[in-house]
Amino acid sequence: MSDKEPARKDENPGPPAWAAKLLSRLSDPDSQEEVQGDLLEMYAYWRATLGERKARWKYIGNVFKLLRPFARTKRSEDYQKTYLFSHDMIRNYFKIGIRNVVKNKGYSAINIFGLAIGVSACIVIYLLVNFELSFENFQADRDRIYRIASGFQNAEGVESKNAGLSAPMPASIRQDVTALESLAACHVWSAKATVTSIGDKKEIRRSWKNDDAEILICEPEYFQIFRYDWLVGSAGTALKTPNEVVLTQQEAEKYFGKMPLQQVLGKRVYFSDSLVTTVTGVVKDLPANSDFRFKNFISFKSIEGGNWRKEFQLDEWTNTNSSSMAFVKVAKNTTASQINRQLPIFLKKHLDQKDEWNVGRSLSLQPLADIHFNKDIQDNFSRQAHLPSLYALMGIAVFLLLIAAINFINLATAQSITRVKEIGVRKVLGSSRKSLILQFLCETFIITMVAVLLSVCFVHPILNMFEAFVPKQFIFNIFDPELLGFVALIAFLTSLLSGLYPAWVISSYTPVSSLKSQISAGQSRTVLLRKSLITFQFAASQIFILGTIIMAAQSRFMLNKDLGFKKDAIIHFYTDWHDSELDKKEILLSKLRQFPEIERVSIGSTPARNGYSTNRISYFDGKKEIKLDVHRRAVDDDYIPLFGLKLVAGRNITNSDTAKEFVINETYAKKLGFKKPEDAVGKLLTYSSGKGDLKLPIVGVIADFHLQSLRTSIQPLYLLSENKYERAVSVKIRSNGKSAAEFKAVLAKMEKTYKEVYSTSEQDFSPSFFDDTLAKFYEKEARQAQILNTATGIAILISCMGLFGLAAFVTQQRTKEIGIRKVLGSTIYQIVGLLSKDFLRLVVLSIVIASPIAYWLMKKWLEDFAYRVDISIWIFVVAGVASIVIAILTVSYQSIRAALLNPAKSLKVE
Amino acid sequence: MKRTFLGEFEEVILLTVAVLDEDAYAVSVTQELEKKTGRTVGFSAVHTTLQRLEEKGFLSSTMGGATAERGGRRKRFFTVTAFGRKALQEARQVREELWNALPPSMLQLMGE
């Protein structure tokens, strides 16, 4: 207080400052001024009459008595105040806003376009993520539905999981395990479906291949667990007897055309030519967000007798096939753990614990919601989603939106300089800060709305761009209320995010300085913020760029790495799987061998493959027994030369119908403790086949090659010749100088031969090129790379648009300066350098910030691969130079244009 | 008629404002009261009473011009309204009527 009192600024101290401050804060607003003055006067009076100490006390006492913390001014009717949300003002805000958007066409276009791209990326990612996360959420009792999955331990004690369980288990579980409301045993099946119809007095047969997990053989309880809408028939009666089938509506239409569903009842469907079924119900297809895409439901009773029983291994307690599953619905108020506790007891009761295979087996409940995501439990019908990828996608969406919002903030704060006068006038005419903020938010809102509308138009093209990642069943419907809600939310959030800070800055100018034009573009706080935002933007883009480069490097590495075998000009196909006759296969092979175009034909699965099968093999080295689960490839004597594998010791395998001898790889030899591969030759391995244990010799050792994708390291492997069961055929074509057309001709010839041999086969000749098959191992990586490429493109585009706009603005502000510099003899290079330097510094800073972050992220990503590229310093150099070049190109357009301007013209600008 | 009621302190303050004429504001009223009555008067009480009297319509107020004193803060000057004058007169009349009604013996006892 005392400092404000010129009359008493001598030795006399004023009243306690804190009390004065308290008074100025909390006294009645209507009488504040005079009370403060009065008390000051009283204080002086008291000081003169009572002394300083008492005066202070009295002052404090009176302050407290005069505090009116809850008093509000009562003089509101004295002046008419502007109502913040008055209809006229809001209309005015919009009018001014639209005028401003139209006036600054360039900046508005940059803002709108950048925001639109960011928002549409957000919408697309929201759609995808939402779709994946919504799987099975329409099932009424989804919290109580589980699948019983099996667990195993291999020889080294490593656990693995299987979606299925041994076929006889479900029936016993139903008896032994309590608290289950219902349980359904199921088999996923692929078979040809045939229907007949009478046309022109002749029987017409029409067949469809059902390869894509469309047939489910299930118990009637399946329909109690999963709710379907029944169009004909009912869940209570269907599938109770053998040879029944329930179809979905689409499937019924496919088989029988558009006929009334009542007539479909009682029609015959033949599966695999031998299973005759009668339609007893039609259900509605499930929505797209379901993995349960089965369309034919065959009654379980159909396979309980005859040959089917054996084919589906209904009595095999030791075999576990992932297509043989059991779904349960637990009773109400029961937890999964209550069931899980009973399962070990169940297994102990039914499995022979002395059998080595049964050691470490377990059963557990897998929640329905988990089926779509758990990659440890693979089955052969669900199309799983990769959860970390989804989270990464969401992160990308947020970043893209942030980058777009930052553009807006930067341009708006920079541009606010040109509106300083407007603010001053508005404030003088009585505009409050609140209403100014509201006005600028309105402008942001206009721009955001245009951007959002535009982005809705972008969604479809972007979805097409992301085609590889968009599931086939995905449907885009813009009028989905949930989607509309999300779009509205995004619009609102973006407006606030990008509008609030500029509005706050712009409305903070004081009328006096703004009318005097004392505010320049160089307000330090705003400039600092703008600089850090640009740095953030470019750092984000830089991380995207680095990610893209490293992913691309890893993909190239995986596709081009020497895998230890040849992969070019090799065609791969399967012979008919129903046919186990050796003769036919031999006939086919010998016919193919006669082709002049074909160099070699071999039977045996390809060296590298997606799935795997292992056998437990033991070796006694004189002291101890070494038991390992070893990868298995059943091959013939052409296999090693065809794929160009290198024998490092011993000899090639000889053809045989049943296992007679082994060739092993170096890794296995090392694991068995042989120092040199030659030592392994001649040693005996114990191998359990269907006829009990066999002791067979090792005849050769081959150099290591990659058995699976490069995500996993090389495992022990043995080759054996067991031609009887092998259906995989590899064909090496003489490839030198062959064109694609010639390849096609060879394939056609091979197909003709195949058809001749397997004339009655229901399986088509479906060859694939081996190198394509290998590339498919890395589909996930390819998809990730594609998404990151797109995101990088978008991020760079938006950031550059922002930089471009900002450079344009700064250049425009300095037009005169440039003119003067030119007059005084600056060269064009100097001016361009002057204008670009500031931005370049920021870009370099962002590179410095982004590189370690990107390094860390990509290191994490690469950890998934057993064989990976090194992250070399050159990648960072290249990426850094790339973004510097991009930034220079963006900025230099503006700066060169400014530098070339005739000073006579630029100096005239007012 | 609604009875206007003045408390003792209110009456004294109203009177003091009338006495001070043009120069009545919270500080001068307080100091004048202390001078005239000899008792210490709380400033906050005076301020509150002045406000209450204004609310009741006995006083009206205007802000004075800004001065270099008191930190440049203006004073709020009070003047007695017609209604205030009437209230003062009524109070005085009541008192006088009561004095007049005093029995002579009582007056004698009081030394009159």
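**Helices and strands of chain A**

Good morning. I begin with helix H14 of chain A, residues 433–465, which has 33 residues and reaches 45 Å from its first C-alpha to its last, close to the 48 Å expected at 1.5 Å a residue. The expected span is 1.5 Å times one less than the number of residues. Helices (H or I, at least four residues) and strands (E, at least two) are DSSP runs, numbered from the N terminus.

This is a predicted model, in which local features need pLDDT of at least 70 and side-chain atom pairs count only at pLDDT 80 or more, while totals for chains, interfaces and linings use all residues. Residues are numbered from 1 along each chain as its sequence is written, and chains are lettered from A and ligands numbered from 1 in the order in which they are written.

Where does H14(A) bend? The bend, of about 35°, is at Phe458(A), and Pro461(A), a proline, follows within four residues. The bend at a residue is the angle between axes fitted to the seven residues ending there and the seven starting there.

Next, a pair of helices. The axes of H5 (residues 105–133) and H12 (residues 387–415), both of chain A, come within 9 Å and cross at roughly 165°. Such axes are lines fitted to C-alpha atoms, for helices over the stretch in contact, and angles run from 0 to 180 degrees between N-to-C directions. H5(A) and H12(A) are therefore roughly antiparallel to each other, a term for angles over 145 degrees.
By class, their contact has 21 nonpolar, five polar and one charged residues. Ala, Val, Leu, Ile, Met, Phe, Trp, Tyr, Cys and Pro count as nonpolar, Asp, Glu, Lys and Arg as charged, and the others, Gly among them, as polar.

I turn to the strands. Two strands pair if DSSP finds at least two bridges between them. Strand E8 of chain A (residues 275–283) pairs with strand E5 (residues 230–232) of chain A in the antiparallel sense over two bridges, and Trp230(A) stands opposite Val283(A). With strand E6 (residues 244–248) of chain A, E8(A) pairs in the parallel sense over five bridges; here Leu247(A) faces Val282(A). Strand E7 (residues 268–271) of chain A runs antiparallel to E8(A), joined by four bridges. Three residues lie between the strands of this hairpin, and Ser272(A) takes a positive phi near 50°.

Finally, which strands form an open sheet of four? In order, they are E13-E21-E12-E22 of chain A, with antiparallel pairing. The edge strands, E13 (598–603) and E22 (768–769) of chain A, each pair on one side only.

Methods
Parallel < 35°, antiparallel > 145°, perpendicular 65-115°, else oblique.
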